[in-house]
Amino acid sequence: MRTTTEPSTEAPGVLETAALLREVTAGLIASDDFDAALDRLVRTVRDAIPAVTWCGVTVLRAGAPASVAASEPRLGDLDDVRHGQDGPAMVAIRSRELVWSADLRTETRWRPWTGRALALGVRGVLAVPVDVDEHVVGSINLYAREPGVLTASQQLTAMLLAEHVGLLLGAVRDRQTGSAGEPENALTAGQVIDQAVGVIMTQRGCPATEALRVLRSASAALAIPLREVAERLVTSVARRRDS
């Protein structure tokens, strides 16, 4: 069995995928606590994707311990890199490719990990890499109680989800970092960014995630912090309104 599997052309339900992305956005768009955002993410994904019984997230941060979140605490060890580098999550992170096993009972990779997973009642796994920013990478890990139920539909949904989540978690990191040490009467980085996102949504008639993507692209192109880009935009709009 190969480490990565090419998804088939079968597409996930458009309405279901859109609903999932909206729910994830609503849960993360205003968060300024990275670990709390991970906890909310795994619960949302577990409840929203058909055939997924549990969800976990593994996150590696430069200069900091790895973070793990699990929708079911007893399955947290499956996402924890302290138990070894050999498992679907770490393979996905290292290869930057989707990793899938429809039936762990016949799986020959990651034998120690597979043994732990089977003992916990896991029969299928799908891990997809997430790029948050230049310092943070991770994997969203989907688990199924039944074998053979994680199909091309879940693969495609997971890849769309990973791209979306990477953007949202990057903004959470920006807000969390920017809000540290703020004066009590000052707007936090998260509040400024949220205001700027609202401005772009109004100007372009686009959803929040697209507005956030525009804001982050401007930050990268100008080589200035996201908060500063947001402040400049909000200040510019306020000046036009006052003139």
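Visitor: Which hand, left or right, does the crossing of helix 1 and helix 2 have?
Guide: This is a predicted model, in which local features need pLDDT of at least 70, side-chain atom pairs count only at pLDDT 80 or more, and totals for chains, interfaces and linings use all residues. A crossing is left-handed if the near helix is turned anticlockwise from the far one by less than a right angle, and right-handed if clockwise. For helix 1 and helix 2, the crossing is right-handed.

Visitor: At what angle do helix 1 and helix 2 pack?
Guide: Helix 1 covers residues 14-28 and helix 2 covers residues 34-48. Their axes (lines fitted to C-alpha atoms over the stretch in contact, with angles from 0 to 180 degrees between N-to-C directions) lie 10 Å apart. The packing angle is about 160°. Angles over 145 degrees count as roughly antiparallel, under 35 as roughly parallel, 65 to 115 as roughly perpendicular and the rest as oblique, so this pair is roughly antiparallel, at about 160°.

Visitor: Which residues of helix 2 meet helix 1?
Guide: Contact means heavy atoms within 4.5 Å. From helix 1 come L20, E23, V24, G27 and L28. Their partners in helix 2 are A37, R40, L41, T44, V45 and A48.

Visitor: How many nonpolar residues does the contact of helix 1 with helix 2 have?
Guide: Ala, Val, Leu, Ile, Met, Phe, Trp, Tyr, Cys and Pro count as nonpolar, Asp, Glu, Lys and Arg as charged, and the others, Gly among them, as polar. The contact has 2 polar and 2 charged residues, and its nonpolar residues number 7.

Visitor: How many helices and strands does the protein chain have?
Guide: Both are DSSP runs, numbered from the N terminus: helices are H or I with at least four residues, strands are E with at least two. Along the sequence the pattern is α-α-β-β-α-β-α-β-β-α-α-α-α. The chain has 8 helices and 5 strands.

Visitor: How many salt bridges does a search of the whole structure find?
Guide: A salt bridge is a side-chain nitrogen of Lys or Arg within 4 Å of a carboxyl oxygen of Asp or Glu. The search finds 10.

Visitor: Is D47 buried or exposed?
Guide: Buried means under 20% relative accessible area, exposed over 50%, partly exposed in between (1.4 Å probe, protein chains only). D47 has 57%, so D47 is exposed.

Visitor: Are E107 and R109 buried or exposed?
Guide: The side chains of E107 and R109 meet in a salt bridge of 2.7 Å, N to O. Both residues are buried.

Visitor: Where is R96 found?
Guide: Phi of R96 is near 60°, a positive value in a residue other than glycine. At 30% relative accessibility, R96 is partly exposed. Residues are numbered from 1 along each chain as its sequence is written, and side-chain values use heavy atoms, with hydrogens and water left out. R96 sits in the loop between helix 3 (88-95) and strand 3 (99-101).

Visitor: What is the relative accessible area of W110?
Guide: W110 lies in the loop between strand 3 and helix 4 (111-119). Its phi is positive, about 45°, although W110 is not a glycine. W110 is buried, because its relative accessible area is 5%.
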